[in-house]
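Hi,

Here is the structure I promised to pass on.

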Amino acid sequence: MGPGELAWVIRAGDCRGAAEPGTSSRALRPPIPPVSFLFLLLLAAPGARAAGYETCPRVQPNMLNVHLVAHTHDDVGWLKTVDQYFYGTRNNIQHAGVQYILDSVISSLLAEPTRRFIYVEIAFFSRWWHQQTNETQEAVRNLVRQGRLEFANGGWVMNDEAATHYGAIVDQMTLGLRFLEDAFGNDGRPRVAWHIDPFGHSREQASLFAQMGFDGFFLGRIDYQDKLLRWKNLEMEQVWRASTSLTPPTADLFTGVLPNNYNPPERLCWDVLCKDKPIVEDARSPEYNAKALVNYFLNQATEQGWHYRTNHTVMTMGSDFQYENANMWFKNLDKLIRLVNEQQQANGSRVNVLYSTPACYLWELNKANLTWSVKDDDFFPYADGAHMFWTGYFSSRPALKRYERLSYNFLQVCNQLEALAGPAANVGPYGTGASAPLNEAMAVLQHHDAVSGTSKQHVADDYARQLAEGWGPCEVLLRNALARLSGSKEDFSFCRELNISICPPSQTLKKFQVTVYNPLGRKVNKTVRLPVQDGNFLVKDSSGRIVLSDVVIHPSFDLEDHREELLFFASLPALGFNTFSVTQTSGKIPRSRFPQPSSRNSGTHTLAIENKYIRATFDRDTGFLREIMNKDQKLLLPVSQAFFWYNASTGDSESSQGSGAYIFRPKQEEPFPVSRWAQTRLVKTALVQEVYQNFSAWCSQVVRLYQGQRYLELEWTVGPIPVGDAWGKEVISRFDTPLDTKGQFYTDSNGREILMRRRNYRPTWNLNQTEPVAGNYYPVNSRIYITDGKTQLTVLTDRSQGGSSLKDGSLELMVHRKLLIDDFRGVEEPLREDWSGAWVRGRHLLLLDRNRQAAAGHRLLAEKEVLAPQVVLAPGGGALYRPGATPRKQFSGLNRELPPSVRLLTLARWGPETLLLRLEHQFATGEDSGRNLSSPVTLDLKDLFSTFTITHLQETTLVANQLRASAFRLKWTPATGPAPALPAPVLDPAAITLQPMEIRTFVASVQWKEDS
Ligand SMILES: [Zn+2]
């Protein structure tokens, strides 16, 4: 997102014009200390410098110091693809070429030793770096060592915070910071997190940054009402307490809101992309403007300084893809600094301006040694005007959002098998396999214009291409690893199109095998579903026992379409696989056929599906879900579920703002029903009971209960959304219950901790609600729930979506959107998705629980969803992996299961003989009172894994770029009282204790066993 095309929008959100400097509380600013004291401070300064801050510039303690941060914001794809941005092609779309930016910046830094610059996006920097000569690399290393080129954030990308899952955030940050560690060592380690463009900020992001070892965090975009108040009240900078479970200061992060998003002050943009006048200091020139500009700058700086608490303030001198001709910027900044500081000497001005960096600015704030107020909610939703809520992108491009989540699942499977099988996974009978391409593609997808759905269509297509290309080398790796671990070289194939019931091996072979790999650290059961051609099948497990199976014929509403699916029940070992054999038989095996289609008012008996745990009843008249019973917990709740659509605004007399890729703005508060009734069909077999609901030609759903399943599955299919009436549509699935929820509902933060939301309310300011629907939407990464204090209704999602509770007892999720106009945030395309992404299928998992049992239900199910089993097919009868070996049809990578509260977050190759291991407590403090799953848990890592031995274990920070024992973070004093630094936990591989919500990261040296 950039300033150029959006000048009016940014102005709308810019509070500088609206703030009243006279009302700010000047008393809060520390008085300027006497000179003798300053002298002592100066003497003390060098010794007081913390690691990483030694190279910071000298400031003037008795003046207002303006830290100029020269920077460029380089989106890893937005209006152009990643490669188009890097090389500078398609400049007709947007003038931008990152390779030239880096060339130009490095030359400019080398030309003048006072200049400084920060760089952020490692996806671009690493590519540029690998194309440089040794001499250039050495010169850049010197600049980094001197603190003149500083890396901020240092992730592969600057990730989105609303549509991202925490596992993928950790992975992408690890990838970027690993590059910096390898190329520059400790000199290149960013001290500051820098999310200047993401459209709202999650609390989990701050918690993760704190756990990654960052000293501070700077952001650009927050709600305009929130910003105005902070500006007035000198609360632009605070300590963010980002976890309710982790002991402070573990998840405390100093957080600063930048004054002007990430742009320079008006009139002071000296890029080739800007139109501002350069500084002309030759008084004889008719273009002379130096004096006026310096005065203007002094006013700007002083005014801004009033709104921050220390005698330091920061100005971001750069913006989107700027510094392609870095000399323009630096030449003018050199002059500005010289003229302002000369003037200060000549006229007694008390403004000192300097080249600085976010870390050096932060360092000065830290040295000010103030007590800072504490924030413990988040920065969602983000609005930059009364009718401009950026809550549409929570749901934009649902197909891409699902593909990203599915790729996360596949990458973890790939990483695990690479770790379990060792080098045999990389080079084996199927060629060279690798996890790195998918790891990089996934990192790119976390960018704030990628998974957010806010890029142009051709860029979204390119993101999908990168994922698809990443899957290939992982599939080779999986083949190698499965052959090694099973001892049999099979013709493995992956059915990537199972979601549309296409899988050639199961549809053509009379005999095949199905290997199902479970990436969880505990045993799971899964009902495997494969499309088949006509026939009966016999399924046996790895020990030759017949397993329960069935063929279901889809009760298609179209009589031409007769799809059949084989279902069988698979019991899977922890971190391992079972191989099942499937044989087509001629014998009579009973098959399930659907009964006659039900039409409205046809019969009086109830339409219901039921298993041991759940009973779901449907309304005979409407065909909608009517009631759910949790038989175990003896709960009965009327629940009505149906699809609706909001009529997307195209602007009105109040505001020209319409709904688009970023913005959600419905025309009316009340959505329209897709249909007032659904045509239904019922299927009942031994393994599954399903109600097929057809709402319209473009909206249908299967409500499903598998045997033994404690939740109801709603598999919806929506699209292509019809827009022949010229109305853009935003489609929701809504659940209505009589629960008295008192305006409250709950959403997860990046799939991890839970935040309470209140309708028409913000925890830190008196909200003036101007959009009663869009202004109550929040990101839902994995779950949303409502409760009356006794009963909880939870919906788990299979991708990120926007959600809300707009009436008590009700909750809704936006599943798809098709819009006919652009929303003026720079994309300049309506979100139509006429081709790819037009038709979307997804699943909502519905849980009904008593409150005390609810967390156990949704935590464990969410883990199972995000790390779902991987199904691999083969004809069977492959050659032995090595002569004389016995093939193995069942395998577990663990010698014992992990306890249910522990998630194996990461198991991946780190080096030739090292693995990266992350263990996570997946329950929050006090969350589970039923089974005591919120208690600390202790694990023994010795002999935990079956294929390798851990010979040495080191504990690191979350991103593995520092040893935990020696990691140091700046200390801040929160208003709630100082939080004592916590000692690093004792590292005993035989007793690794995890506190609620704690993630512990290890680099393990390992030896793979010859044959396990
Ligand atoms: Zn951006």
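Below is what I found, going from the whole chain down to single residues.

A word on the ground rules. This is a predicted model, so to speak of local features I needed pLDDT of at least 70, side-chain atom pairs count only at pLDDT 80 or more, and totals for chains, interfaces and linings use all residues. Residues are numbered from 1 along each chain as its sequence is written, and side-chain values use heavy atoms, with hydrogens and water left out.

**The whole chain**

The chain has 17 helices and 48 strands; these are DSSP runs numbered from the N terminus, with helices being H or I of at least four residues and strands E of at least two. Its radius of gyration is 29 Å, close to the 31 Å that the globule rule gives for 1012 residues, so the chain is as compact as a globular protein of that length. (The radius is taken over C-alpha atoms, and the rule is 2.2 Å times the number of residues to the power 0.38.) Along the principal axes, the C-alpha atoms fill a box of roughly 100 × 70 × 55 Å.

Of the 1012 residues, 63% are buried. Buried means under 20% relative accessible area, exposed means over 50%, and partly exposed is in between, with a 1.4 Å probe and protein chains only. Contact means heavy atoms within 4.5 Å. Among the contacts with a separation of 6 or more, 75% are between residues 24 or more positions apart.

As for charge, there are 107 positive and 106 negative side chains, and the centres of the two sets lie 4 Å apart. Lys and Arg count as positive and Asp and Glu as negative, while His and the chain ends are not counted. Each charge is placed at NZ of Lys, CZ of Arg, CG of Asp or CD of Glu.

Start with α5 (residues 122–129). Seven of its eight residues are buried, so this helix is largely enclosed by the rest of the structure.

(The expected span is 1.5 Å times one less than the number of residues.) Its buried residues include Trp-329, Phe-330, Leu-333 and Gln-344. Parts of the cover over them are α4 (98–111) and β2 (117–119), along with β1 (64–70), α10 (290–305), β8 (312–317) and β9 (351–355). Just after this helix, Gly-348 takes a positive phi of about 75°.

Most residues other than glycine have a negative phi, and most peptide bonds are trans. Here are some exceptions.

- Phe-321 has a positive phi, near 55°. Phe-321 sits in the loop between β8 and α11, and at 1% relative accessibility it counts as buried.
- Asn-932 also has a positive phi, near 65°. Its loop lies between β43 (914–921) and β44 (937–939), and at 54% relative accessibility Asn-932 counts as exposed.
- Phe-380 and Pro-381 are joined by a cis peptide bond, with omega about -10°. Pro-381 is in the loop between β11 (374–375) and α13.
- Gly-719 and Pro-720 are joined by a cis peptide bond too, with omega about -15°. Pro-720 is in the loop between β29 (712–718) and β30 (729–736).

Asn-961 and Met-212 are 749 residues apart along the chain, yet their C-alpha atoms are separated by 8.4 Å. Asn-961 is in the loop between β45 (948–956) and β46, and counts as buried at 11% relative accessibility.

Asn-415, in helix α13 (residues 398–421), is buried at 8% relative accessibility. Leaving aside neighbours within four places in sequence, Asn-415 is in contact with Ser-435, Leu-907 and Ala-908.

Cheers
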